[in-house]
Amino acid sequence: MPALIFDLDGTLVDTVYAHVFSWQRALAEAGMAVDGWRIHRRVGMSGGLFTRAVAKEIGRDITSAEAEVLQRRHGELFEEILPERRPLPGARAMLRALREAGVSHGIATSGRRPEINQSLDSLGIGPETLVVERGDVLRAKPAPDLFLNCQQRLGVTVDDCFVVGDAVWDLLAARRARMLCIGLLSGGYGEDELTRAGAFRVYRDAAELHASLDELGVVLP
């Protein structure tokens, strides 16, 4: 059966808009007023790329040191805004079913530890599940490194992998890794956007994906 590689924020846990608000506050504190919709369109990129891209949109250049400060402040605000994490509908049950059926799967996220630890805990994810985070690779999304690292550590071929994500950056990274990708609407992108970005199938959320896994050749008992 195919292996599944999941994004985390917006795909499995309801954290996208907390990230938007955290970035907006961090940027405002640094004297950069950025509209929330502009931030949302960039969530899913690595923190360094994100800060540079958003700053460029408002006509400002930032240094690597400034980007690091912004990322650190974003992490602090994120913990303040969302001290507890909530799994998205069906995510916890789907992951449990995959574990019990022995289906190869892992998580590949642009987030870093310890920031992602509470999200993983809310999903019931333990050491038996492979988690690849930003610190494990040289480049994050939209580069393919996270997904390729996860695929290699799962011990499967690229052709045997489906990537599941909620943002166009997930799908772009998956296409660059030459993996088929599945889009979920739970991160706020529309079906047309995800399809244009390369999604092979688009589902509402993890619950609908779970009910439709047979369409991907994943058969659960």
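This is a predicted model: local features need pLDDT of at least 70, side-chain atom pairs count only at pLDDT 80 or more; totals for chains, interfaces and linings use all residues.

Modeller: Asp-14 is partly exposed, its relative accessible area being 31%, and its salt-bridge partner Arg-86, with 2.8 Å between the closest N and O atoms, is likewise partly exposed at 46%. That pair links distant parts of the chain, since Asp-14 sits in the loop between strand 1 (3-6) and helix 1 (16-29) while Arg-86 sits in the loop between helix 4 (64-81) and helix 5 (91-101), 72 residues apart.

A second salt bridge joins Arg-41 to Glu-193, whose closest N and O atoms are 2.2 Å apart. Here Arg-41 belongs to the loop between helix 2 (36-40) and helix 3 (47-57) and Glu-193 to helix 9 (residues 191-196), so this contact ties together parts that are 152 residues apart in sequence. Arg-41 has a relative accessible area of 33% and is therefore classed as partly exposed, because that class covers values between the 20% limit for buried and the 50% limit for exposed.

Glu-79 forms a salt bridge with Arg-85, with a separation of 3.2 Å between the closest N and O atoms. In this pair Glu-79 is partly exposed, with a relative accessible area of 29%, whereas Arg-85 is buried, with a relative accessible area of 9%. Beyond these pairs, salt bridges that share partners join Asp-7, Lys-141 and Asp-170 into one network, and a search of the whole structure finds 14 salt bridges.

Notes:
Residues are numbered from 1 along each chain as its sequence is written. Side-chain values use heavy atoms; hydrogens and water are left out. A salt bridge is a side-chain nitrogen of Lys or Arg within 4 Å of a carboxyl oxygen of Asp or Glu. Helices (H or I, at least four residues) and strands (E, at least two) are DSSP runs, numbered from the N terminus. Buried means under 20% relative accessible area, exposed over 50%, partly exposed in between (1.4 Å probe, protein chains only).
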